[in-house]
Amino acid sequence: MTPADAPAVHLSGLRLDRGGRTILRGIDLTVPRGSITAVLGPSGSGKSTLLAALTGELPPAAGTVEVFGQPVPHGSRALLEMRKGIGVLLQGNGLLTDLTTAENVALPLRTHTKLPEALIRRLVDLKLNAVGLRAAADAYPRELSGGMARRVALARALALDPPLMLYDEPLTGLDPIASGVIMSLIQRLNDTLGLTSIIVSHHVHETLPITDQAVVIANGGLVFSGTPAELDATSDPLVRQFLRGEPDGPIAFDTVKRGEAA
Ligand SMILES: Nc1ncnc2c1ncn2[C@@H]1O[C@H](COP(=O)(O)OP(=O)(O)O)[C@@H](O)[C@H]1O
Ligand SMILES: [Mg+2]
């Protein structure tokens with residue numbers, strides 16, 4: 001398979017270790033271009049760890065990670081180049097509080113390109129427009145609601161036009177209305193910009209409606225992979241326990257009680 005027709009992401013026999021402990025093993029996953037994939041699982045199951053492997057932050061202990069047909073590089077220069085093609089929305093937004101909305105969105109453009117100022121402003125305007133926040137360009141993060149701040153972080157993640165977007169718990173701290181806005185925005189951006197999106201979340205019911213493919217990780221591995229409809233219909237007790245949010249059952253919650261490491 002050539003890079004031109006390779007899937008957006010391909011994981012094969014992937015094992016990820018952290019702090020001398022195996023967090024995930026035997027992960028096989030293909031994310032088709034243009035799709036939205038949900039990576040679901042309880043807190044501490046290794047969802048953020050999986051994203052860290054995609055961005056090259058965490059090298060695999062075994063197996064392979066390919067993004068658009070290319071193995072994720074280890075060398076810092078090649079890795080930096082690849083990272084420009086991956087937009088990441090982190091859980092905490094990561095906005096700089098002493099910069100305006102527009103300046104926050106401009107940051108990746110100033111860091112990674114040598115574009116003239118007028119063009120940077122134009123691009124920032126476009127990105128803010130894409131998330132419906134053009135009017136908030138001169139506002140500071142503290143002046144924004146939680147949902148608006150998340151949208152600014154989303155605009156910033158889109159700044160370099162990455163073909164692949166990774167969302168780590170995009171709904172954390174948002175009320176139901178803001179959550180709905182973010183999910184439909186993720187879907188609209190994916191479709192209109194021709195992106196591929198991976199959403200990591202423990203909010204199953206909010207996330208599933210916009211996804212093409214869902215995987216569930218628990219107990220150190222991938223325990224389900226299929227369509228949202230197949231997930232709804234599954235009789236696997238481990239997956240059902242997770243979907244119902246029950247503390248007792250086949251998922252060993254005791255081993256993951258450190259909870260959500262950011
Ligand atoms: N930097 C780290 N060093 C050691 N262990 C870590 C580190 N980050 C996360 N872990 C552990 O890896 C497991 C998975 O964490 P994480 O991927 O953050 O889970 P999730 O995102 O699903 O909540 C947890 O048990 C967590 O304590
Ligand atoms: Mg996490």
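Q: In β9, which residue is the bridge partner of Ala38?
A: Ala38 has Ala214 as its bridge partner in β9. This is a predicted model: local features require pLDDT of at least 70 and side-chain atom pairs pLDDT 80 or more, while totals for chains, interfaces and linings use all residues. Residues are numbered from 1 along each chain as its sequence is written, with chains lettered from A and ligands numbered from 1 in the order in which they are written.

Q: How many bridges link β3 and β9?
A: Four bridges pair β3 with β9 (residues 213–218), in the parallel sense. Strands here are DSSP runs (E, at least two residues), as are helices (H or I, at least four), numbered from the N terminus; two strands pair if DSSP finds at least two bridges between them.

Q: And β3 with β8, parallel or antiparallel?
A: β3 and β8 (residues 196–201) run parallel and are joined by five bridges. Thr37 stands opposite Ile198 of β8.

Q: Is β3 buried or exposed?
A: Five of the five residues of β3 (residues 36–40) are buried, so the strand is largely enclosed by the rest of the structure. Buried means 20 or more other C-beta atoms within 10 Å of the residue's own, with C-beta atoms placed from the backbone.

Q: Which residues cover each face of β3?
A: Ile36, Ala38 and Leu40 lie on one side, Thr37 and Val39 on the other, and all of them are buried.

Q: What is the strand order in the sheet?
A: The order is β6-β7-β8-β3-β9-β10, an open sheet of six strands with mixed pairing. At the edges are β6 (86–89) and β10 (221–226), each pairing on one side only. From one strand to the next, the twist averages 15°.

Q: How do β7 and β8 run?
A: β7 (residues 164–168) and β8 run parallel and share five bridges. Leu164 has Thr196 as its bridge partner in β8.

Q: Which strands does α5 touch?
A: Helix α5 (residues 146–157) packs on the sheet, touching β6 and β7, and its direction makes about 165° with that of β6. Angles run from 0 to 180 degrees between N-to-C directions, and axes are lines fitted to C-alpha atoms, for helices over the stretch in contact. Contact means C-beta atoms, placed from the backbone, within 7 Å.

Q: Changing topic, at what angle do α3 and α4 cross?
A: The axes of α3 (residues 101–112) and α4 (residues 117–130) cross at roughly 120° and come within 9 Å. Among the residues that meet are Val105 and Leu109 in α3, and Leu123 and Val124 in α4.

Notes. Buried ≥ 20, exposed ≤ 12 C-beta atoms within 10 Å, placed from the backbone. Contact = placed C-beta atoms within 7 Å.
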